[in-house]
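Here is a short briefing to read alongside the model. Please keep the viewer open as you go through the points.

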Amino acid sequence: MHAVMAKRLLPHQPSEDTPHPDDELESPAIEAAALAIAVPQPTDQTLQKAFWERYNSPEKSFKPAPEGTTVLRFEILMAHIMPREGDDPKLKRYVVYELTVRQDSQVMDAQPAKLERRYTDFRELYQCLKREHPNELGQLNFPNKVLMGNFSADLIRERSMAFEAFLSHVAAHPLLKESPAFLRFLQHEELTRGCQYLDERRNEMAIPILENCFRLLNKIYMNRSRPVVLILCRLVAACTVSPVPHLAAERWALLALSRFDTLCDIDLLPLYIPLLHTCTHLWWQRGQDQKPITDRLTEMSRQGINTANITSLTQAIHKLDPRTETI
(Lines give C-alpha, C1' and ligand atoms only; values in the text may rest on other atoms or scores of the structure.)
Protein backbone atom coordinates (compact mmCIF):
# COMPACT_ATOMS: atom_id res chain seq x y z
CA MET A 1 0.00 0.00 0.00
CA HIS A 2 1.10 3.51 -0.62
CA ALA A 3 0.06 7.02 0.30
CA VAL A 4 -1.36 10.05 -1.44
CA MET A 5 0.10 13.46 -0.60
CA ALA A 6 -1.08 16.98 -1.30
CA LYS A 7 1.19 19.48 -3.08
CA ARG A 8 2.09 22.99 -2.05
CA LEU A 9 2.25 25.58 -4.85
CA LEU A 10 4.22 28.80 -5.10
CA PRO A 11 4.30 31.30 -8.01
CA HIS A 12 7.83 31.51 -9.33
CA GLN A 13 10.12 31.95 -12.32
CA PRO A 14 9.70 30.30 -15.75
CA SER A 15 10.79 26.77 -16.55
CA GLU A 16 11.01 25.23 -20.02
CA ASP A 17 10.02 21.60 -20.18
CA THR A 18 7.75 19.21 -22.05
CA PRO A 19 4.03 18.82 -21.31
CA HIS A 20 2.36 15.74 -19.89
CA PRO A 21 -1.19 14.80 -20.96
CA ASP A 22 -2.36 13.53 -17.57
CA ASP A 23 -3.96 15.98 -15.15
CA GLU A 24 -5.88 14.08 -12.47
CA LEU A 25 -7.31 15.46 -9.25
CA GLU A 26 -6.21 13.95 -5.98
CA SER A 27 -8.97 12.57 -3.79
CA PRO A 28 -8.91 12.85 0.03
CA ALA A 29 -11.01 9.69 0.19
CA ILE A 30 -8.48 7.79 -1.88
CA GLU A 31 -5.73 9.21 0.30
CA ALA A 32 -7.35 7.99 3.47
CA ALA A 33 -8.03 4.56 2.01
CA ALA A 34 -4.64 4.09 0.40
CA LEU A 35 -2.47 5.21 3.28
CA ALA A 36 -0.20 2.51 4.65
CA ILE A 37 3.48 1.87 5.06
CA ALA A 38 5.44 -0.92 3.46
CA VAL A 39 6.65 -2.56 6.63
CA PRO A 40 6.10 -6.33 6.79
CA GLN A 41 5.86 -7.73 10.29
CA PRO A 42 9.06 -7.13 12.11
CA THR A 43 12.26 -8.87 11.35
CA ASP A 44 15.55 -7.06 11.13
CA GLN A 45 15.64 -7.47 7.35
CA THR A 46 12.13 -6.21 6.64
CA LEU A 47 12.58 -3.20 8.90
CA GLN A 48 15.61 -2.19 6.85
CA LYS A 49 13.54 -2.23 3.66
CA ALA A 50 10.67 -0.12 5.04
CA PHE A 51 9.54 2.85 2.99
CA TRP A 52 6.58 5.14 2.41
CA GLU A 53 5.68 6.65 -0.93
CA ARG A 54 3.06 8.77 -2.56
CA TYR A 55 0.34 6.87 -4.38
CA ASN A 56 -0.01 9.06 -7.49
CA SER A 57 3.06 9.75 -9.61
CA PRO A 58 3.93 13.44 -10.16
CA GLU A 59 3.01 13.07 -13.84
CA LYS A 60 -0.52 11.92 -13.05
CA SER A 61 -1.13 14.60 -10.43
CA PHE A 62 0.58 17.43 -12.35
CA LYS A 63 -1.45 20.61 -12.73
CA PRO A 64 -0.10 23.18 -15.20
CA ALA A 65 0.48 26.70 -13.93
CA PRO A 66 -1.65 29.45 -15.51
CA GLU A 67 -0.26 30.65 -18.83
CA GLY A 68 2.64 33.03 -18.40
CA THR A 69 3.28 32.03 -14.78
CA THR A 70 5.35 29.41 -13.00
CA VAL A 71 5.05 27.47 -9.77
CA LEU A 72 7.81 26.35 -7.43
CA ARG A 73 6.81 22.98 -6.03
CA PHE A 74 8.28 21.21 -3.02
CA GLU A 75 7.14 17.60 -2.95
CA ILE A 76 8.09 14.70 -0.73
CA LEU A 77 7.41 11.69 -2.89
CA MET A 78 9.05 9.05 -0.75
CA ALA A 79 10.44 8.43 2.71
CA HIS A 80 12.85 5.67 3.72
CA ILE A 81 13.20 4.15 7.15
CA MET A 82 16.86 3.76 7.93
CA PRO A 83 19.15 1.90 8.33
CA ARG A 84 18.84 0.19 4.96
CA GLU A 85 19.41 -3.47 4.26
CA GLY A 86 23.02 -4.41 4.92
CA ASP A 87 23.55 -1.79 7.62
CA ASP A 88 23.98 -2.67 11.26
CA PRO A 89 20.43 -3.45 12.50
CA LYS A 90 21.42 -2.24 15.96
CA LEU A 91 21.79 1.32 14.71
CA LYS A 92 19.11 3.79 15.75
CA ARG A 93 16.32 3.95 13.18
CA TYR A 94 15.12 7.19 11.61
CA VAL A 95 13.18 8.45 8.60
CA VAL A 96 14.81 10.07 5.56
CA TYR A 97 12.46 12.23 3.47
CA GLU A 98 13.19 12.44 -0.26
CA LEU A 99 12.40 16.00 -1.33
CA THR A 100 11.86 16.90 -4.98
CA VAL A 101 11.96 20.55 -6.06
CA ARG A 102 10.44 21.52 -9.40
CA GLN A 103 9.83 24.79 -11.20
CA ASP A 104 6.75 24.10 -13.30
CA SER A 105 5.09 26.26 -15.91
CA GLN A 106 2.42 24.87 -18.23
CA VAL A 107 4.68 21.86 -18.52
CA MET A 108 6.41 19.85 -15.83
CA ASP A 109 10.00 20.65 -14.95
CA ALA A 110 12.06 18.02 -16.79
CA GLN A 111 15.10 18.49 -14.52
CA PRO A 112 13.91 18.48 -10.91
CA ALA A 113 16.42 18.77 -8.10
CA LYS A 114 16.40 16.24 -5.27
CA LEU A 115 17.76 16.07 -1.76
CA GLU A 116 17.25 13.90 1.30
CA ARG A 117 16.65 15.33 4.75
CA ARG A 118 15.69 14.03 8.18
CA TYR A 119 13.09 15.43 10.57
CA THR A 120 15.93 16.97 12.61
CA ASP A 121 17.11 18.93 9.54
CA PHE A 122 13.68 20.46 9.00
CA ARG A 123 13.31 21.16 12.71
CA GLU A 124 16.73 22.82 12.92
CA LEU A 125 15.79 25.14 10.04
CA TYR A 126 12.43 25.95 11.62
CA GLN A 127 13.94 26.72 15.03
CA CYS A 128 16.64 28.92 13.54
CA LEU A 129 14.13 30.93 11.49
CA LYS A 130 11.81 31.14 14.49
CA ARG A 131 14.59 32.72 16.55
CA GLU A 132 15.68 35.13 13.83
CA HIS A 133 12.35 36.01 12.17
CA PRO A 134 9.45 35.01 14.46
CA ASN A 135 6.96 37.41 12.88
CA GLU A 136 7.67 36.21 9.35
CA LEU A 137 6.76 32.62 10.23
CA GLY A 138 3.38 33.78 11.52
CA GLN A 139 1.04 31.01 12.64
CA LEU A 140 2.78 28.33 10.61
CA ASN A 141 2.58 25.04 12.50
CA PHE A 142 5.57 22.72 12.60
CA PRO A 143 5.12 19.06 13.56
CA ASN A 144 6.23 18.27 17.10
CA LYS A 145 8.50 15.46 18.18
CA VAL A 146 6.74 12.25 19.22
CA LEU A 147 7.86 9.56 21.62
CA MET A 148 6.14 6.72 19.75
CA GLY A 149 4.88 6.07 16.23
CA ASN A 150 7.74 7.78 14.40
CA PHE A 151 7.53 5.23 11.59
CA SER A 152 3.76 5.11 11.08
CA ALA A 153 2.43 6.02 7.65
CA ASP A 154 0.03 8.56 9.15
CA LEU A 155 2.81 10.47 10.87
CA ILE A 156 5.12 10.38 7.85
CA ARG A 157 2.32 11.63 5.59
CA GLU A 158 1.39 14.45 7.98
CA ARG A 159 4.99 15.49 8.43
CA SER A 160 5.64 15.38 4.68
CA MET A 161 2.72 17.72 4.00
CA ALA A 162 3.83 20.03 6.81
CA PHE A 163 7.39 20.13 5.46
CA GLU A 164 6.12 20.99 1.98
CA ALA A 165 4.01 23.85 3.36
CA PHE A 166 6.90 25.08 5.50
CA LEU A 167 9.42 25.19 2.64
CA SER A 168 6.89 26.84 0.31
CA HIS A 169 6.28 29.53 2.93
CA VAL A 170 10.01 30.14 3.40
CA ALA A 171 10.75 30.29 -0.34
CA ALA A 172 7.86 32.73 -0.87
CA HIS A 173 9.08 35.18 1.79
CA PRO A 174 12.08 37.32 0.67
CA LEU A 175 13.52 37.68 4.18
CA LEU A 176 13.26 33.99 5.05
CA LYS A 177 14.51 32.89 1.64
CA GLU A 178 17.69 34.95 2.03
CA SER A 179 18.42 33.52 5.46
CA PRO A 180 21.81 31.73 5.73
CA ALA A 181 19.97 28.96 7.58
CA PHE A 182 17.78 28.24 4.54
CA LEU A 183 20.76 28.17 2.19
CA ARG A 184 22.56 25.83 4.57
CA PHE A 185 19.53 23.53 4.63
CA LEU A 186 19.45 23.46 0.84
CA GLN A 187 23.08 22.76 0.03
CA HIS A 188 25.43 22.26 2.97
CA GLU A 189 25.33 18.46 3.16
CA GLU A 190 25.68 17.88 -0.59
CA LEU A 191 28.19 20.68 -1.15
CA THR A 192 30.40 19.40 1.65
CA ARG A 193 30.34 15.90 0.16
CA GLY A 194 31.05 17.24 -3.33
CA CYS A 195 34.02 19.26 -2.09
CA GLN A 196 35.38 16.21 -0.30
CA TYR A 197 35.28 14.32 -3.59
CA LEU A 198 37.15 17.20 -5.25
CA ASP A 199 39.74 17.08 -2.49
CA GLU A 200 40.18 13.38 -3.23
CA ARG A 201 40.47 14.15 -6.97
CA ARG A 202 37.27 12.20 -7.61
CA ASN A 203 35.75 14.84 -9.86
CA GLU A 204 33.52 12.32 -11.61
CA MET A 205 31.73 11.85 -8.26
CA ALA A 206 31.65 15.55 -7.37
CA ILE A 207 30.27 16.98 -10.61
CA PRO A 208 26.79 15.32 -10.52
CA ILE A 209 26.39 16.52 -6.92
CA LEU A 210 27.33 20.08 -7.86
CA GLU A 211 25.02 19.96 -10.88
CA ASN A 212 22.10 18.97 -8.65
CA CYS A 213 23.01 21.78 -6.20
CA PHE A 214 23.03 24.26 -9.07
CA ARG A 215 19.66 23.09 -10.39
CA LEU A 216 18.19 23.38 -6.91
CA LEU A 217 19.49 26.86 -6.12
CA ASN A 218 18.71 28.12 -9.62
CA LYS A 219 15.04 27.24 -9.10
CA ILE A 220 14.81 29.11 -5.80
CA TYR A 221 17.08 32.15 -6.21
CA MET A 222 17.57 34.69 -8.97
CA ASN A 223 19.92 33.77 -11.83
CA ARG A 224 22.63 36.21 -10.78
CA SER A 225 22.24 35.84 -7.03
CA ARG A 226 25.29 35.10 -4.92
CA PRO A 227 24.40 31.44 -4.11
CA VAL A 228 23.68 30.62 -7.76
CA VAL A 229 26.79 32.28 -9.19
CA LEU A 230 29.02 30.73 -6.53
CA ILE A 231 27.80 27.19 -7.13
CA LEU A 232 27.99 27.71 -10.90
CA CYS A 233 31.61 28.87 -10.70
CA ARG A 234 32.43 25.96 -8.40
CA LEU A 235 30.93 23.64 -11.01
CA VAL A 236 33.05 25.23 -13.76
CA ALA A 237 36.17 24.81 -11.61
CA ALA A 238 35.34 21.16 -10.93
CA CYS A 239 34.88 20.52 -14.67
CA THR A 240 38.15 22.17 -15.68
CA VAL A 241 40.65 21.37 -12.92
CA SER A 242 41.70 18.06 -14.48
CA PRO A 243 44.12 17.95 -17.46
CA VAL A 244 41.22 16.61 -19.54
CA PRO A 245 38.13 18.81 -19.03
CA HIS A 246 34.76 17.26 -18.32
CA LEU A 247 32.38 16.85 -21.27
CA ALA A 248 30.01 19.43 -19.76
CA ALA A 249 32.77 21.98 -19.04
CA GLU A 250 32.08 24.24 -22.01
CA ARG A 251 28.34 24.31 -21.38
CA TRP A 252 28.74 25.35 -17.74
CA ALA A 253 31.50 27.83 -18.62
CA LEU A 254 29.32 29.56 -21.21
CA LEU A 255 26.48 29.78 -18.73
CA ALA A 256 28.78 31.24 -16.07
CA LEU A 257 30.08 33.88 -18.48
CA SER A 258 26.52 34.90 -19.36
CA ARG A 259 25.59 35.22 -15.69
CA PHE A 260 28.37 37.78 -15.17
CA ASP A 261 26.84 40.07 -17.78
CA THR A 262 25.25 42.99 -15.89
CA LEU A 263 26.17 41.37 -12.54
CA CYS A 264 25.57 43.87 -9.73
CA ASP A 265 27.06 42.02 -6.76
CA ILE A 266 30.48 43.60 -6.36
CA ASP A 267 31.53 40.86 -3.92
CA LEU A 268 31.36 38.32 -6.75
CA LEU A 269 33.52 40.29 -9.18
CA PRO A 270 36.78 38.72 -7.85
CA LEU A 271 35.55 35.52 -9.53
CA TYR A 272 35.23 37.12 -12.94
CA ILE A 273 38.89 37.42 -14.00
CA PRO A 274 39.78 33.87 -12.82
CA LEU A 275 36.69 32.67 -14.70
CA LEU A 276 37.85 34.44 -17.87
CA HIS A 277 41.30 32.88 -17.59
CA THR A 278 39.74 29.46 -16.97
CA CYS A 279 37.56 29.85 -20.07
CA THR A 280 40.52 31.03 -22.16
CA HIS A 281 42.42 27.87 -21.30
CA LEU A 282 39.34 25.70 -21.86
CA TRP A 283 38.69 27.27 -25.27
CA TRP A 284 42.34 26.58 -26.17
CA GLN A 285 41.96 22.94 -25.11
CA ARG A 286 38.82 22.60 -27.22
CA GLY A 287 40.24 24.43 -30.24
CA GLN A 288 37.70 27.24 -29.85
CA ASP A 289 38.24 30.91 -30.69
CA GLN A 290 39.66 32.58 -27.57
CA LYS A 291 39.63 36.13 -29.00
CA PRO A 292 36.29 37.30 -27.51
CA ILE A 293 37.56 36.39 -24.03
CA THR A 294 41.08 37.77 -24.48
CA ASP A 295 39.59 40.97 -25.92
CA ARG A 296 37.50 41.32 -22.77
CA LEU A 297 40.59 40.87 -20.58
CA THR A 298 42.47 43.47 -22.66
CA GLU A 299 39.60 45.93 -22.31
CA MET A 300 39.54 45.47 -18.54
CA SER A 301 43.31 45.95 -18.38
CA ARG A 302 42.99 49.27 -20.24
CA GLN A 303 40.49 50.32 -17.59
CA GLY A 304 43.14 49.86 -14.93
CA ILE A 305 41.98 46.46 -13.71
CA ASN A 306 44.73 43.97 -12.93
CA THR A 307 43.97 41.00 -15.17
CA ALA A 308 47.36 39.32 -14.82
CA ASN A 309 46.79 37.81 -11.38
CA ILE A 310 47.52 34.11 -10.99
CA THR A 311 44.64 33.34 -8.64
CA SER A 312 42.86 30.20 -9.82
CA LEU A 313 39.09 30.02 -9.99
CA THR A 314 39.06 27.49 -7.13
CA GLN A 315 41.19 29.79 -4.98
CA ALA A 316 38.92 32.76 -5.71
CA ILE A 317 35.85 30.72 -4.77
CA HIS A 318 37.52 29.50 -1.59
CA LYS A 319 38.15 33.09 -0.45
CA LEU A 320 34.43 33.84 -0.71
CA ASP A 321 33.11 30.50 0.51
CA PRO A 322 35.73 28.34 2.26
CA ARG A 323 35.11 24.61 1.97
CA THR A 324 37.08 21.43 2.36
CA GLU A 325 38.66 21.12 -1.06
CA THR A 326 42.39 21.60 -1.48
CA ILE A 327 43.29 24.87 -3.19
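This is a predicted model: local features need pLDDT of at least 70, side-chain atom pairs count only at pLDDT 80 or more; totals for chains, interfaces and linings use all residues.

Residues are numbered from 1 along each chain as its sequence is written, and side-chain values use heavy atoms, with hydrogens and water left out.

**Overall make-up**

- The protein chain has 14 helices and five strands; helices (H or I, at least four residues) and strands (E, at least two) are DSSP runs, numbered from the N terminus.
- Of its 327 residues, 48% count as buried, where buried means under 20% relative accessible area, exposed over 50%, and partly exposed in between (1.4 Å probe, protein chains only).
- Among contacts with a separation of 6 or more, 69% join residues 24 or more positions apart; contact means heavy atoms within 4.5 Å.

**Helices α4 and α6**

- Helix α4 (residues 119–132) packs against helix α6 (residues 153–172) at an angle of about 40°, and their axes are 12 Å apart. Axes are lines fitted to C-alpha atoms, for helices over the stretch in contact, and angles run from 0 to 180 degrees between N-to-C directions.
- The two helices α4 and α6 are therefore oblique to each other: angles under 35 degrees count as roughly parallel, over 145 as roughly antiparallel, 65 to 115 as roughly perpendicular and the rest as oblique.
- On the α4 side, the contact uses Tyr119, Phe122, Leu125, Tyr126 and Leu129, while α6 brings Arg159, Phe163, Phe166, Leu167 and Val170.
- By type, the residues of this α4 and α6 contact are nine nonpolar, no polar and one charged. Ala, Val, Leu, Ile, Met, Phe, Trp, Tyr, Cys and Pro count as nonpolar, Asp, Glu, Lys and Arg as charged, and the others, Gly among them, as polar.

**Helices α11 and α12**

- α11 and α12 pack at an angle of about 145°, with 11 Å between their axes.
- Ala249, Glu250, Ala253, Leu254, Ala256 and Leu257 of α11 meet Leu275, Leu276, Cys279, Leu282, Trp283 and Arg286 of α12.
- The residues in this contact of α11 with α12 are 10 nonpolar, no polar and two charged.

- α9 is mostly covered, with 14 of its 18 residues buried.
- In helix α14 (residues 313–320), the buried residues are Leu313, Thr314, Ala316, Ile317 and His318, and what covers them includes α10 and α12.

**Individual residues**

- Thr240, in helix α10 (residues 226–240), is buried at 16% relative accessible area. Leaving aside neighbours within four places in sequence, Thr240 is in contact with Ala249, Thr278 and Leu282.
- Asp267 sits in the loop between α11 (249–259) and α12 (272–286) and is partly exposed, at 44% relative accessible area.
- Not counting residues up to four places away in sequence, Asp267 touches Arg226 and Leu320. The C-alpha atoms of Asp267 and Leu320 are separated by 8.2 Å, although the residues are 53 apart along the chain.
- Arg201, in the loop between α8 (180–199) and α9, has phi near 60°, a positive value in a residue other than glycine. Arg201 counts as exposed at 58% relative accessibility.
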